[in-house]
Amino acid sequence: DSVGEILLSLSYLPTAERLTVVVVKAKNLVWSNGKGTADPFVKVYLLQDGRKISKKKTAVKRDDPNPVFNEAMIFSVPAVVLQELSLRVTVAECGEDGRADNTGHVLIGPAASGMGTTHWHQMLATLRKPVSMWHTVR
């Protein structure tokens with residue numbers, strides 16, 4: 001049930017206790033209402049034990065099924081809680097009424113499965129270096 005793919009880059013800087021998530025780009029996005037195009041944007045939620053503790057979002061890209069965002073989001077994360085955190089990256093579209101319609105999302109972190117866990121572990125294994133990976137949006 002893929003609704004597209006998203007390229008994300010993760011890096012953690014232990015000295016500054018900073019988690020950087022770069023929303024690079026998305027491709028082959030499929031819109032929930034079946035129309036050929038939409039105005040996509042991406043929301044990144046920082047979750048602790050399933051609760052949202054922080055949220056940031058990208059700019060809206062008009063009429064683009066393959067948007068390039070290249071936006072970095074910086075979260076302040078103490079190293080001691082890093083193992084309890086997950087990221088939920090939601091691709092959404094701006095509806096005509098101005099409300100956001102969620103298209104799909106990706107879960108990254110210890111609570112995820114497959115690529116989401118792999119990406120998180122690679123980030124932890126290569127601290128201070130950005131690790132980029134494509135994820136399937138469902």
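Which residue forms a salt bridge with Glu5? In this predicted model, local features need pLDDT of at least 70 and side-chain atom pairs count only at pLDDT 80 or more, while totals for chains, interfaces and linings use all residues. Residues are numbered from 1 along each chain as its sequence is written, and side-chain values use heavy atoms, with hydrogens and water left out.

The partner of Glu5 is Lys27. The closest N and O atoms of the pair are 3.9 Å apart. A salt bridge here is a side-chain nitrogen of Lys or Arg within 4 Å of a carboxyl oxygen of Asp or Glu. Two salt bridges are found in a search of the whole structure. The Glu5 pair links distant parts of the chain, 22 residues apart. Glu5 lies in strand β1 (residues 4-13) and Lys27 in strand β2 (residues 18-27). Helices (H or I, at least four residues) and strands (E, at least two) are DSSP runs, numbered from the N terminus.

Strands β1 and β2 belong to an open sheet of four strands, in the order β5-β2-β1-β8. Its pairing is antiparallel; two strands pair if DSSP finds at least two bridges between them. At the edges are β5 (68-76) and β8, each pairing on one side only. Neighbouring strands of this sheet are turned by 25° against each other on average, direction ignored. Axes are lines fitted to C-alpha atoms, for helices over the stretch in contact, and angles run from 0 to 180 degrees between N-to-C directions. Seven bridges join β1 and β8. Leu10 stands opposite Val131 in β8. Helix α1 packs on this sheet and touches β1, β2 and β8. Contact means heavy atoms within 4.5 Å. The direction of α1 makes about 165° with that of β8.

A further open sheet has four strands in the order β4-β3-β6-β7, again with antiparallel pairing. Its edge strands, β4 (51-57) and β7, each have a single partner strand, so one side of each is left without a neighbour in the sheet. Strand β3 (residues 40-48) is joined to β6 (residues 85-94) by nine bridges. Tyr45 has Arg88 in β6 as its bridge partner. Helix α1 also packs on this sheet, touching β6 and β7, and its direction makes about 60° with that of β7. Eight bridges pair β6 with β7. Cys94 stands opposite Ala100 in β7. The two strands form a hairpin with five residues between them. Gly98 in the turn has a positive phi of about 85°.

The loop between β2 and β3 holds Asn28. Not counting residues up to four places away in sequence, Asn28 touches Val3, Gly4, Glu5, Pro65 and Asn66.

The largest pocket holds about 160 Å³ of space. On a 1 Å grid over the protein atoms alone, a pocket is an open set of points where a 1.4 Å probe fits, with protein on both sides within 12 Å along at least five of seven lines; lining residues have an atom within 4 Å of a point. Grid points are joined across faces, edges and corners, and the volume is the space filled by probe spheres set on the points. β7 (100-108), α1 (115-125) and β8 (131-137) each supply at least two lining residues. The largest share, three residues, comes from β7. The lining includes His105, Met115, His135 and Arg138.
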